[in-house]
Structures are given as C-alpha cells and as structure tokens.
Number of protein chains: 2
Amino acid sequence: VTYLLPLFTRIDHVGIAVRNLDDAIGWYETTYGLTVTSRETNETQGVHEAMLVVAAPAGDDPGGSYVQLLEPLHEDSPVGKFLARNGPGVHHIGYGVVDVAEALAKIGETGIRLIDERPRHGSMGASIAFLHPKDTGGVLTELVQAAPPT
Amino acid sequence: VTYLLPLFTRIDHVGIAVRNLDDAIGWYETTYGLTVTSRETNETQGVHEAMLVVAAPAGDDPGGSYVQLLEPLHEDSPVGKFLARNGPGVHHIGYGVVDVAEALAKIGETGIRLIDERPRHGSMGASIAFLHPKDTGGVLTELVQAAPPT
C-alpha cells in the first residue's frame with residue numbers, strides 16, 4: 001500500500017467549546033464577520049454545533065476551513081466535561097485528509113490509540129475519526145474526509 | 001472606512017506547546033508526513049519554534065496553513081507557564097488576515113482587549129498581533145498577515 005504523504009490537506013476546523021451556541025455565533029459574526037454555513041445537533045457527540053466559514057472549498061479539495069462552535073447537550077458529554085474542567089476554549093483540531101480510512105490505517109500502524117477504529121459521520125456529511133490526545137501530544141485530533149461535492 | 005469582511009482568509013496555524021521541539025518535529029514527520037518549512041528562535045516570545053506545512057499558499061493569498069510547534073526558552077516565558085499549568089497541547093490559533101493593522105482596528109472597536117496594540121514581527125516574516133483570550137471566549141487568538149511573496 002502506498003500512502004498519500006503528507007496525510008493532511010488542510011486545517012479543516014478548530015473545534016471550540018462554548019457555553020451558549022447562539023451567543024457564540026453572534027460574537028463570531030459581529031467580531032470577525034464570519035457566517036454560519038451549517039448548524040446540527042449531534043446526539044452521539046452530545047453537542048449542538050455550528051460551522052462558520054473561514055475559507056470556502058477551493059481547487060480539487062472538497063473541504064474548506066471552519067470555526068466549529070460546540071455547546072454541550074448535557075454536562076456528562078465530552079464537551080460538557082471539558083467546559084467544567086477548562087472553561088471555554090479550543091477543544092480539538094480537525095485536519096483534512098483525502099481518505100480517512102487510509103489515514104486511520106497509516107496512523108494506527110504507528111501505535112497511536114484511535115478513539116474511532118472506523119470512520120463515522122461528522123459535520124456536513126464528512127467521514128471523521130478521532131485520535132487519542134494522550135498519544136498526540138495533548139492535542140485531541142480529528143481526521144476529516146469532506147463529503148464529495150453535490 | 002470600509003472593512004473587508006469576513007476578516008479571516010484562512011486558518012494560518014495551530015500553535016502547539018511542546019516540551020522538546022526536536023522530538024515533536026520527529027513525531028509530526030513520522031506520524032503525519034508533515035515537513036518543516038521554517039525554524040526560528042524568537043527571543044521576544046521566548047520560544048524555539050518550527051512551522052510544518054499543512055497547506056502551501058495558493059491563489060492570491062500569500063499565506064498557507066501550518067502546524068506551529070513551540071518549545072519555551074525558559075520556564076517564565078508564556079509558553080513555559082502554559083506547559084507548567086496545562087501540559088503540552090494547543091496554545092493558540094492564528095488566523096490569516098489581508099491587513100493586520102486594519103483587522104486590529106476593526107476588532108479593537110468592538111472593545112476586545114488587544115495584547116498587541118500594533119502589529120509586530122511573527123514567524124516567516126509575517127506581521128502579527130495577539131488578542132486577549134479573556135475577551136475571545138478562551139481562545140488565545142493571533143492575526144497573521146503573511147509576508148508578500150518574494
């Protein structure tokens with residue numbers, strides 16, 4: 001198997017934990033002029049979330065770059081626990097990859113623990129997987145294969 | 001004055017605090033296949049740093065997207081204190097802007113405290129400025145105007 005290197009094609013998003021999604025969206029709109037392209041509730045992740053566009057998809061890459069704002073659905077969710085421990089701030093980083101299954105296989109071979117052994121559904125139709133922050137220098141890291149253009 | 005909106009053109013970099021720069025570079029090279037494009041020592045910031053390419057500059061934007069690894073020069077530096085308090089992990093986010101002086105003026109009008117009232121020299125010849133994390137939802141935020149192409 002020949003892997004694509006580098007594995008990352010872009011910084012897909014910065015995932016930011018917030019206490020109130022509507023307030024945070026308003027703040028990002030007013031302060032930086034960013035606009036929301038998608039809002040979703042992800043019950044599995046336990047979050048209400050919004051994606052704000054920093055850079056639209058360009059060229060061959062179907063993915064763009066976003067600020068992802070995350071409000072927990074309940075205190076026991078991962079983002080709820082993060083907020084209780086750290087307060088609002090950067091929760092994780094999402095990097096764009098061409099093929100998330102291939103990237104997971106490559107990274108798994110290095111011995112890094114995978115939170116997701118197989119890709120699952122992420123924001124805006126993406127296929128995503130998380131790596132364990134204890135094995136990635138303290139950075140909760142998400143791999144993001146953007147949905148193909150429709 | 002008419003400001004460019006949105007203010008951000010890209011996610012310029014994720015600034016990551018590490019204990020040992022050489023070890024961290026080796027890990028990012030081996031695990032993700034990223035390569036170093038610049039290494040610098042910034043005495044003012046109190047860091048040894050390396051920029052690893054995630055996405056090269058494209059189109060009209062002279063800036064790309066990078067992982068920025070930061071090793072403190074001494075324990076009393078901002079990154080040294082961050083490591084002592086939090087351990088390794090995401091230290092700040094840098095967003096690309098077309099004109100950092102204009103972006104600072106616009107953001108300053110909203111009442112957000114500016115760590116840098118005026119742009120100063122950043123990595124790879126960029127003009128940069130930091131915003132105060134207490135006023136930005138806990139995200140230490142850097143504005144980055146990339147150096148013009150040479």
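## A valine in a loop

Does Val139(A) count as buried or exposed? In this predicted model, Val139(A) has a relative accessibility of 2% and counts as buried, because the limit for that class is under 20%. Val139(A) sits in the loop between strands E7 and E8 of chain A.

Beyond its neighbours within four places in sequence, Val139(A) is in contact with residues of chain A and of chain B. The partners in chain A are Ile93(A) and Pro133(A). Those in chain B are Ile16(B), Tyr28(B), Gly89(B) and Val90(B). Val139(A) and His92(A) are separated by 47 residues in sequence, while their C-alpha atoms are 6.6 Å apart in space.

## How the two chains are related

Two copies of a chain are related by a rotation about an axis and a shift along it. Here, chain A is superposed on chain B by a rotation of 180° with a shift of 0.0 Å along the axis, and the RMSD is 0.0 Å. This is the relation of a two-fold axis. Within chain A, the C-alpha nearest the axis belongs to Ile11(A), at 3.3 Å from it.

The copies meet through the same surface, because 100% of the interface residues of chain A are also interface residues in chain B.

## The interface

The contact between the chains involves 39 residues of chain A and 39 residues of chain B. About 2700 Å² of area is buried between them, and carbon and sulfur atoms give 70% of this area. Polar contacts between chain A and chain B come to four residue pairs, counted with both residues at pLDDT 80 or more.

On the side of chain A that touches chain B, at least two residues each come from strands E1 (8-17), E3 (47-55), E4 (65-72) and E5 (89-97), and from helices H1 (21-32) and H3. E1(A) supplies the largest share of this side, with eight residues. By class, the residues on this side of chain A are 23 nonpolar, 12 polar and four charged.

## Salt bridges

Side chains of opposite charge can pair when their charged atoms come close. Over all chains, the structure holds 10 salt bridges. One of them joins the side chains of Asp135(A) and Arg113(A), with an N to O distance of 2.9 Å. Asp135(A) is in the loop between strand E7 (127-131) and strand E8 (141-145), and Arg113(A) is in the loop between helix H3 (100-109) and strand E6 (120-121), so that distant parts of the chain, 22 residues apart, are linked. Both residues are partly exposed: Asp135(A) has a relative accessible area of 21%, and Arg113(A) one of 43%.

In chain B, Arg10(B) and Asp61(B) form a salt bridge in which the closest N and O atoms are 3.0 Å apart. Arg10(B) lies in strand E1 (residues 8-17) and Asp61(B) in the loop between strands E3 (47-55) and E4 (65-72), so this pair ties together parts 51 residues apart in sequence. Arg10(B) counts as buried, at 6% relative accessibility. Asp116(B) and Arg120(B) also meet in a salt bridge through their side chains, at 2.7 Å from N to O. Of these two, Asp116(B) is buried with a relative accessible area of 9%, whereas Arg120(B) is partly exposed at 23%. In chain A, salt bridges with shared partners join Arg10(A), Asp12(A) and Asp61(A) into one network.

Technical notes. Residues are numbered from 1 along each chain as its sequence is written. Chains are lettered from A and ligands numbered from 1 in the order in which they are written. Side-chain values use heavy atoms; hydrogens and water are left out. A salt bridge is a side-chain nitrogen of Lys or Arg within 4 Å of a carboxyl oxygen of Asp or Glu. Helices (H or I, at least four residues) and strands (E, at least two) are DSSP runs, numbered from the N terminus. Buried means under 20% relative accessible area, exposed over 50%, partly exposed in between (1.4 Å probe, protein chains only). Copies are superposed by least squares on the C-alpha atoms of residues with pLDDT of at least 70 in both. Contact means heavy atoms within 4.5 Å. Buried area is the accessible area (1.4 Å probe) that two parts lose on being put together, summed over both. A polar contact is a pair of N or O atoms within 3.5 Å; within protein, one must be able to donate a hydrogen and the other to accept it, and residues adjacent in sequence count only if both atoms are side-chain atoms. Ala, Val, Leu, Ile, Met, Phe, Trp, Tyr, Cys and Pro count as nonpolar, Asp, Glu, Lys and Arg as charged, and the others, Gly among them, as polar.
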